[in-house]
Each structure stands twice: as structure tokens, then as C-alpha cells.
Amino acid sequence: MKRIKLSSVLYVFTIICALSCGGPQEKPTKEGSKWIMKLATMTPMSHTYNQGALKFAELIRERTGGRIEIVLYPDGQLGKGEREILETVQQGTIDIYVGSTGPLGGFNSSIGILDIPFLFLDHTHVDKVLDGPIGRQLLDSLEKSGFKALAFWENGFRHLTNSKRPVKTPADVRGLKIRTMENKIHLTAWKAIGANPVPMPWGEVYTALHQKTIDGQENPIAVIHSSRLNEVQKYLTLTQHVYSPAVVIVSAKKWQAMKPEDQDIFLKAALEVAPYQRKLGRDNEAKQIEELKQKGMHVIEIDKTLWRNAMSSALAEYEKQFGKENIQAIVNTR
Ligand code: EAX
């Protein structure tokens with residue numbers, strides 16, 4: 001019997017809600033009427049992006065007295081990948097993006113510094129950098145690319161999965177076709193250890209893994225678990241090779257059309273939800289790894305020093321691109 005995906009049911013509900021609430025508006029309506037804003041993600045409703053977005057939407061509805069209604073479009077309903085959704089946000093057709101910073105480097109190179117392998121030690125280090133002056137400066141730098149970035153949420157530390165063989169050391173990756181985000185920093189890192197990286201929009205990855213046109217991919221546990229990659233991947237190697245921030249972005253075109261008090265409500269709500277959304281992924285990671293094991297994935301622990309050294313051969317290139325002092329500033333913020 002064909003399983004109706006929860007996200008499809010929610011999608012129908014979302015559409016009914018959008019239509020009954022007057023449907024998505026392309027610009028704020030006149031005083032007193034409702035402004036419907038579209039929020040797009042690439043992950044299933046159960047994923048932390050959408051759980052955070054539901055809380056964010058509730059705060060916006062409450063604090064604007066119902067003047068602004070945010071309608072969620074999860075699971076890639078509005079685009080096949082995050083880069084494509086960001087392009088649509090830049091044009092002002094989609095109002096809000098919640099997703100990884102991965103593709104943002106293609107719009108604004110400075111934020112790519114966050115994608116450097118093994119840059120972050122742990123969640124405490126992550127929060128200190130992203131919630132401090134370095135993080136705020138990176139968010140503000142996105143405005144010139146057409147994005148009002150409100151806050152960093154979390155995608156998570158990324159791990160490798162594949163369908164071919166148990167991967168324990170970097171040498172085991174040699175020749176594997178590993179899907180990466182459309183992100184130059186990640187491509188460089190996987191090439192450095194002899195893999196064959198294949199940049200691909202997230203919406204195409206499950207099918208490509210199922211059809212074995214690629215061997216593996218890398219993502220945080222929350223994405224691997226919510227996207228049911230255990231159905232198409234046998235091996236999970238806990239590499240924790242890159243920390244992947246997420247970001248809440250409003251189209252700059254829509255941001256400029258908002259009243260200052262609504263801008264303030266949006267900014268405060270996005271920052272308020274950040275710790276809640278990050279905690280969801282962190283608190284559930286161990287349980288989700290256990291569930292992936294029970295669903296048949298072979299989970300492999302690694303020696304991180306081996307992987308860090310193998311990927312560090314790309315460091316010279318990163319230092320040239322981002323400046324050694326900028327990378328050091330992040331490393332030293334502990
Ligand atoms: O943001 O494209 C990716 O691998 C992202 O991590 C995923 O869409 C969640």
C-alpha cells in the first residue's frame with residue numbers, strides 16, 4: 001500500500017490554509033489586512049528546521065496580532081535544492097528561507113569560511129562564534145546579496161554515509177562518488193582525500209542514492225534520519241568532518257517593505273527560537289543514531305585526527321581565500 005508521506009498531508013493542509021487566508025501575497029497588503037509570507041525548507045516536517053519554523057511562525061502571528069501569517073512549504077515543495085530556493089528568495093518570490101549556509105558561498109564568498117572542515121571543536125565553540133561578533137558580521141554581510149539574515153539556527157555536524165563499503169579511514173573513501181552540497185569548500189575537501197565529489201541539489205539525492213548513480217553523501221544525523229537515508233545507505237561513518245550552520249533569511253526585497261516594528265518582531269523571534277531549534281537536533285542525535293542502527297545501518301566510529309590531517313591539505317587554499325587571521329579568529333573564539 002502506497003504510504004502517504006506526512007509532509008504531503010501537511011502540504012495539503014498548508015495550501016488550504018494559504019488559500020483560506022487569502023493566499024500568498026507578493027507584497028504587504030494595506031493597513032489592517034493580513035500578509036501571508038511563504039517559508040521554504042528542503043527537509044521533512046519532522047526535521048528541526050520545520051519544528052523551529054513552526055515556533056517562529058507562532059511567535060510572528062502572536063506578536064503582529066495576526067497581521068502577518070507565515071505558511072510553511074517543507075520538503076522541497078518550492079525548489080529542488082537550497083541554492084535554487086535562495087535564488088527565488090533573492091528575487092522576492094519566496095519570502096523566507098530556513099536551510100543550511102552551504103550554498104550561500106556561491107552568493108557571498110565570505111560566509112564560506114564556516115564550511116572549512118574541522119574548524120569547530122564542539123557545540124560550545126559553535127555557539128560562541130555564531131552568536132558573537134563574527135557570526136553577526138557574517139549575517140550582516142549577506143544583505144548586499146539580497147538576503148536579510150536574521151539568525152543562525154543549526155543543521156549540525158556532518159557525517160558520511162555510503163552504500164558500497166565500511167569507511168573507517170580517509171583511504172577508504174578513495175574513488176567513492178560522494179554527493180556534496182553546491183559548495184566549493186566541501187568539494188575541495190573531498191577531492192583532497194581522494195573521493196570523487198558530485199555537487200547535487202538535495203532534492204535529487206535520495207533518488208540518485210537509490211539508483212546508485214552516486215555511492216554516498218554527507219549530512220547531519222537529523223537530516224539522515226528525517227530523510228530516511230537508511231533505506232538507501234548501508235554505512236554511516238561518524239566523521240563529524242564539518243559543522244553546517246543553518247540560517248533564517250528574509251528576502252531583502254520583502255524586508256525593506258516591512259514596518260520597522262515588524263522587522264524588530266522578526267529579528268527577535270528568529271533569535272529567540274535559535275537555542276530551541278539547535279537543542280532539538282543535539283538532544284535527539286544519540287537516539288536517532290540508535291534508530292538508524294536498528295534500521296540496519298552499520299555505524300562506524302573513526303579516529304578524527306586521521307581525517308583532520310587528511311583534509312588539512314586543503315587548508316592552504318582556504319587560508320588564501322579567507323585569510324589566515326580570519327580562520328584563526330574563529331579557531332581562537334573558545
Ligand atoms: O539543509 O543539501 C544539504 O546537504 C543540506 O544539508 C540539506 O539540504 C539540509
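The model is predicted: local features need pLDDT of at least 70, side-chain atom pairs count only at pLDDT 80 or more, and totals for chains, interfaces and linings use all residues. Residues are numbered from 1 along each chain as its sequence is written, and side-chain values use heavy atoms, with hydrogens and water left out. The ligand sits in the largest cavity. The protein also has a second largest pocket, with about 390 Å³ of space.

**The largest cavity**

- A cavity is a set of points, on a 1 Å grid over the protein atoms alone, where a 1.4 Å probe fits but cannot get out.
- The count comes to one cavity of 30 Å³ or more.
- The largest cavity holds about 140 Å³ of space. Such a volume is the space filled by probe spheres set on the points, which are joined across faces, edges and corners.
- Its lining has 17 residues, and Glu82, Ser100, Arg179, Met181 and Trp202 lie nearest the centre. Lining residues have an atom within 4 Å of a point.
- Helix 3 (82–91) and strand 4 (147–162) each supply at least two lining residues. Helices (H or I, at least four residues) and strands (E, at least two) are DSSP runs, numbered from the N terminus.
- By class, this lining has seven nonpolar, five polar and five charged residues. Ala, Val, Leu, Ile, Met, Phe, Trp, Tyr, Cys and Pro count as nonpolar, Asp, Glu, Lys and Arg as charged, and the others, Gly among them, as polar.

**The ligand**

- To sit in a cavity, a molecule needs more than half of its atoms within 2 Å of the grid points.
- Residues around the ligand (a heavy atom within 4 Å) include Tyr49, Glu82, Asn155, Arg158, Arg179 and Trp202.
- This shell divides into four nonpolar, three polar and three charged residues.
- An oxygen atom of the ligand is 2.7 Å from a side-chain N or O atom of Arg179.
- For Asn155, the distance from a ligand oxygen to a side-chain N or O atom is 2.9 Å. For Arg158, it is 2.9 Å.
- The protein covers 98% of the 270 Å² of accessible area that the ligand has on its own. Accessible areas come from the Shrake-Rupley method with a 1.4 Å probe.

**The second largest pocket**

- A pocket is an open set of points with protein on both sides within 12 Å along at least five of seven lines.
- This pocket is lined by 20 residues, with Pro117, Phe118, Leu119, Arg308 and Val331 nearest its centre.
- Helix 11 gives the most, with four.
- The lining divides into twelve nonpolar, four polar and four charged residues.

**Two loop residues**

- Most residues other than glycine have a negative phi.
- Lys212 has a positive phi of about 60°. Lys212 lies in the loop between helix 7 (205–210) and strand 7 (216–219).
- Arg228 has a positive phi of about 55°. Arg228 lies in the loop between helix 8 (221–226) and strand 8 (235–251).

Definitions and conventions
Polar contact = N/O pair within 3.5 Å; in protein donor to acceptor, adjacent residues only side chain to side chain.
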